[in-house]
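Here is a friendly first walk through a protein model. Please keep the sequence and the 3D view open while you read.

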Amino acid sequence: MEGDRGRLAADSPPSGVAARVSTAVAPPGHDTDDPGGFLRHYHYQGPPGSYDECRQADGRLRPAWRRFLDRLAEVGPVEFQRRWEQARKQVRENAVTFNPYADGPDQERPWELDPLPLLLPETEWRGIERAMIQRAELLDAVLRDCHGSQRLLADGILPPALVFGQERYLRPSRSLPPPGGRWLHLYAADLARSSDGQWWVVADRTDAPSGLGYALETRIVTARMLPEAAHETRLLRYAGFFREWREHLVSLAPAHRDQPRIVALTPGSGDPGFFEHSYLARYLGITLAQPADLTVRAQRVYLKTLEGLEQVDVIVRHIDEVLADPLELREDSECGVAGLLQAARAGRVVVVNPPGTGLADAPGMMAFLGPACEHLRGESLRMPSVATWWCGQADARARVIKLRNRLILRRALNAGHQTPLPPGAAAADRRVLERLLRSAPAEFAAQEQVAMSTAPSWLDHKAVPLPVTVRVFVIATAAGYRVLPGGLARPVPDNGSHPGHARLLDQPGSLSKDLWVLSDSPLPAHLPAAGRGGAVALRRSTGDLPSRVADNLYWIGRYAERSESAARMLRAILTRVTSERGWDALPMVRPLIGTLHQLGHLQKWSGGMTPVGLLRAGVLDRDRPGSVTALTQRLRQLVAASRDNLSQDTWRLVQHLVHTLDQGVREARLADLVPVLDRVIALHAGLSGMAMENTTRTLGWHFLDIGRRLERALALVALAQPVVDPARPLPPGALDLLLEVADSAITYRIRYYLNARTLPVLDLLLCDPANPRGLAFQLEAIERHFTALPAERHSGLLSEGRKVVVEGLSFLQLEELVARDTDQRQQILQRLHGFLGRMQQRLPVLSDYLTSQYFSLLEPERGRRSEPRVSHEEPEKEGS
């Protein structure tokens, strides 16, 4: 058996050749049908015979494009371009990214969008929809058979070597009960249209299909950019699809609870698709978890939270199936959950898609889906696979060698997103190809090159024709499979050297565009569901916060305050040394430069570095861990890793911080960095306001604010130490500088109407509980937060962390900074000097306590390490 051959026979030409010129777009000069002038540069440039999605063979617009361009003409090219620039800005601010592994874990690529959607009429779409439902049902049946009775192997439909030779034939998965009676719950297919208008399936995605979140974001951005066109062309909507997907996940919960715990399992923030994982988790209202957040006990999966273990009912898997469980699958996996298959086998947790579904991803399987459909369903495929030969069969091997110049050679057994092998030396050279296939024939499959259809793409302010492929998505529901009414299209700028095999999501530098399905009839008014279902138990508890998330929020608070504190200190220095006094002000700011070094923001000032270079590096040097820019980058990394727990406005503020400092690199003069730091401090004020006014008082907020208060307390201790040190006399103006950095100058002037004096300044900054920038205020705030923490509520004793707070507050409440003579003043300063020295040592103990009590994940798996997170190293002097 040679399997599904599609159309390509031994002696026939491949699809898309000159023999089919009747369907080609008319040549330039015939393009007179152009509402709004958007297609004035749209001249077909592909090989003869290709299908164009926009124009018919006689040059006339297709009806769907006529409807769309009529609406677009009302907008006009100038306004269209303006809206597109705003949309691109929105994409950048929302940090819609995809990071190919080849770029390295820290190299994010922006998600490149094409504002012109691909259009399909509803009548044509319904045929695609029926074909995708049939294919999902077929693949589910194939998976059920391969993990069950294996009739397809016994009856000779599937070669045993193709199934058992795969890494993704997971023998431990054979004993898994398929959730809800199905193996396949989320499925994606990559499609391409050939020159005769026929759609072909280029690849199946059955393991953990990616792209659904990007399709949603692309739809939101495009429809917001062109609301008139979306409304007037009757664009089919997505909301019902995602609502049904969430309802299906809820229905799969083994315990059938009203509010089951559903978790989206992601490898972590270093994964290429982390944005999508986080985005979908937030949209669906489910918990985003990394493998280290989960543990298996007594064949149940639990989420590690601050108040203990909470049982998980459903896991939406975004990790590779072969890495899902190091106990039964890949033992070297660092992003799996040990014991996961045992829990699924016992019916205590549902995994979607269950490990084992990736078996149908393999390119070699496509050669046999046609016969399998006939065998299992008694019908032909509604949409054929691209012509495929599995080289494990002698006759197929001979055919591949004969047609080598027309085919693409691929790895037959490696599922997932594999780059096709180039047809150059491997395929064109008969001897090379024969040697390759003789050594390991079963490992290769050959597929026909499909000349993809072209569609308008907006590049360089004009519409140009580019080849395009489409990814469509299918979900399981209670009523059967449902197809997303649209999808994600990917234009191929290079016209596709291997056109039928260009991948949607894993090719660096690729564009994406929305797929619009235009209804033939008016759509019903779209109103949100009233939400009047059955009674729901109300919940106000917050103890289900994963300890990893609490850890990240705590460090977000610390890095935000650390960045702001460094910015305030550097601004105070720069405003003085760039004034008319110039570097004569250096003695005044030298103690503050020492404090910046102590806190790790500046390197030690040596004779080999100029003051200008030192201060500039403190603001802009990305490689200096304590610089404002480096701290802001760490803050951004933490916020990105916690996006499902933070508002979009918070993310935008952080993005503006990063952008502001990036712009600061262009400033040549130190004086020009002052307005940069002004903007940085103003944005930090916005972050603080978001935290205080827009954040629910959950445990996450408590840890966020504890981090901020602790960091501010550490900075205040460091700032006050030179003032109380008897061995370091203060230069003139140092107290005014301290009041400015602590944002307390106005309060001091209102209270005292005199020049800055040591004890009044110290009272305001250390002892006054009404000063939100003072040390006493920070300790009192931390004390209040401690009363809300689980371990503190359940114990009648003071914890080690709380003792630090009580110790500091007791001293500040009892100390009176009133001196009647010089001796008494010196005694007060000596006591404060000793107190600040103790607090410098004791405050890191508070941080260590929080880490050990709340942030060290509960009983981590022995001998395994979790996904690396953002580095949390502290400056060496701080010791925390």
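The report below starts with the whole chain and then visits a few places in turn.

This is a predicted model, in which local features need pLDDT of at least 70 and side-chain atom pairs count only at pLDDT 80 or more, while totals for chains, interfaces and linings use all residues. Residues are numbered from 1 along each chain as its sequence is written, and side-chain values use heavy atoms, with hydrogens and water left out.

**The whole protein**

There are 28 helices and 20 strands in the protein. Helices (H or I, at least four residues) and strands (E, at least two) are DSSP runs, numbered from the N terminus. Of the 880 residues, 59% are buried; here buried means under 20% relative accessible area, exposed means over 50%, and partly exposed lies in between (1.4 Å probe, protein chains only). The protein exposes about 35100 Å², and carbon and sulfur atoms supply 51% of that area, as computed by the Shrake-Rupley method with a 1.4 Å probe. Contact means heavy atoms within 4.5 Å. Among contacts between residues at least 6 apart in sequence, 74% join residues at least 24 apart.

Now look for 4 strands that form an open sheet in the order 7-6-11-12, with parallel pairing. Strand 7 (287–289) and strand 12 are the edge strands, each pairing on one side only. Direction ignored, neighbouring strands of this sheet are turned by 30 degrees against each other on average; the axes behind such angles are lines fitted to C-alpha atoms, for helices over the stretch in contact, and angles run from 0 to 180 degrees between N-to-C directions. Two strands pair if DSSP finds at least two bridges between them. Within the sheet, A264 stands opposite L288 in strand 7.

Strand 20 (residues 511–518) is mostly covered, with 8 of its 8 residues buried.

| Strands | Sense | Bridges |
|---|---|---|
| Strand 6 (residues 262–265) and strand 7 | parallel | 3 bridges |
| Strand 3 (residues 112–121) and strand 20 | parallel | 7 bridges |
| Strand 19 (residues 487–491) and strand 20 | antiparallel | 3 bridges |

**A covered helix**

How many of the 10 residues of helix 24 are buried? Helix 24 (residues 758–767) has 8 of its 10 residues buried and is mostly covered. Among them are T758, L759, V761 and L762. The cover over the buried residues of helix 24 includes helix 21 (699–724), helix 22, helix 23, helix 25 (775–786), helix 27 (800–814) and helix 28 (822–855).

Most residues other than glycine have a negative phi, and most peptide bonds are trans. Q150 has a positive phi near 60 degrees and is not a glycine; its place is the loop between helix 3 (122–146) and helix 4 (151–154). Q150 is buried, with a relative accessible area of 15%. D743, also not a glycine, has a positive phi of about 55 degrees and lies in the loop between helix 22 (734–741) and helix 23 (745–752). D743 is partly exposed, at a relative accessible area of 47%.

Finally, the peptide bond from V352 to N353 is cis, with omega near -15 degrees. N353 is in the loop between strand 12 (350–352) and helix 11 (369–377).
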